[in-house]
Amino acid sequence: MTTTTMDQNSSRPPATRSGPQARAATPATSSSTAPASTTTTPGNRSLAPTVVDLASVRNHAALEAESVHQVYEDIAEHFSSTRYKPWPVVEQFLLEQRPGSVGCDVGCGNGKYLGVNRDVWTVGVDRSANLIKIVRDRGFDGLVGDALAVPCPTDRFDFAISIAVIHHLSSPARRIAAIRELLRVVRPGGHALIYVWALEQGSKRQFPGQDVYVPWHLPTRMAATVKGPVVERDGSKDVVYQRYYHLYKQGELEEEARAAGGTVVRSGYDRDNHYCVVTK
């Protein structure tokens, strides 16, 4: 029987927020390929997350191509500059791997986890060619690839990680398929660590629903072309990109991991994320 535990050093997430602010949010109407449009006026400092109406989405891959893949291609340099400190639970998982082990970081971003444990070899995989260029420039091994089709052999790795990636997939079937693909590349007995954003967050961030567009503010000086509304913030102008997220309820990640054929070894809540360690 599968046992799911909360790590002793991980607190349970706070209760889901409700109230006037959440109820007042107006769902955005989504097309099959593009995020909901957002309007702003001069002087606005920020844009709030908006709800995605997935019932009107006919092509989930196209939504992700527009609101995830292309966004990270455009913001890669700026995004990388904000990602430099490993999260403690992920760092511990990597340091626990035996010397000589081989691993895979699916959705590796700028590769900040690839050098945590110098006694193992880890290859990074990311859909963004611009992020993989950063990975290689930093001296790590990286491949351009999709979380739904990892370009690696079956049963090859002793461990794998997927940190803040699967929540960018816009249907349960696609998220389960990504977990199944993560397990495919791990050998029998190997472990995979998965992190996803939690709906029940203890920080100041609040969300109007489980499926949302979350703004990323890119300084206009770093934008090749202006593809979103422009807002003024701290005396400068930013281009606002909308990234799709599915916010996970407590227990939802474990359910999807089991649906993918995995066995949940442990799970927890850390830094506004739900996580679990899965084996096959």
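# Burial, cavity and pockets in a predicted model

Analyst: In this predicted model, H168 is placed in the loop that runs between β5 (157-163) and α5 (172-185).

User: Why is H168 called buried and not exposed?

Analyst: The relative accessibility of H168 is 7%. Buried means under 20% relative accessible area, so H168, at 7%, counts as buried.

User: What share of the whole protein counts as buried?

Analyst: Of the 280 residues, 51% count as buried. The protein has six helices and eleven strands, and it exposes about 13,100 Å², with carbon and sulfur atoms supplying 50% of that area.

User: What makes a space a cavity, and how many are counted here?

Analyst: A cavity is a set of points where a 1.4 Å probe fits but cannot get out. One cavity of 30 Å³ or more is counted. The largest cavity has a volume of about 40 Å³, and its lining consists of V106, A147, S162, I166, A178 and L182.

User: How is the lining of the largest cavity divided by class?

Analyst: The lining of the largest cavity has five nonpolar residues, one polar and no charged.

User: What makes a space a pocket, and what is the volume of the largest pocket?

Analyst: A pocket is an open set of points with protein on both sides within 12 Å along at least five of seven lines. The largest pocket holds about 840 Å³ of space. Of the 42 residues that line this pocket, F79, G107, I163, A164 and V165 are the closest to its centre. Helix α2 supplies the largest share of the lining, five residues. By class, the lining of the largest pocket has 19 nonpolar, ten polar and 13 charged residues.

User: Which residues lie nearest the centre of the second largest pocket?

Analyst: They are W197, R205, V214, P215 and R243, out of 18 lining residues. The second largest pocket holds about 630 Å³, and strand β7 (residues 211-219) gives the most to its lining, with four residues.

Notes. Residues are numbered from 1 along each chain as its sequence is written. This is a predicted model: local features need pLDDT of at least 70, side-chain atom pairs count only at pLDDT 80 or more; totals for chains, interfaces and linings use all residues. Side-chain values use heavy atoms; hydrogens and water are left out. Helices (H or I, at least four residues) and strands (E, at least two) are DSSP runs, numbered from the N terminus. Buried means under 20% relative accessible area, exposed over 50%, partly exposed in between (1.4 Å probe, protein chains only). Accessible areas come from the Shrake-Rupley method with a 1.4 Å probe; for residues, only the protein chains shown count as cover. On a 1 Å grid over the protein atoms alone, a cavity is a set of points where a 1.4 Å probe fits but cannot get out, and a pocket is an open set with protein on both sides within 12 Å along at least five of seven lines; lining residues have an atom within 4 Å of a point. Grid points are joined across faces, edges and corners, and a volume is the space filled by probe spheres set on the points. Ala, Val, Leu, Ile, Met, Phe, Trp, Tyr, Cys and Pro count as nonpolar, Asp, Glu, Lys and Arg as charged, and the others, Gly among them, as polar.
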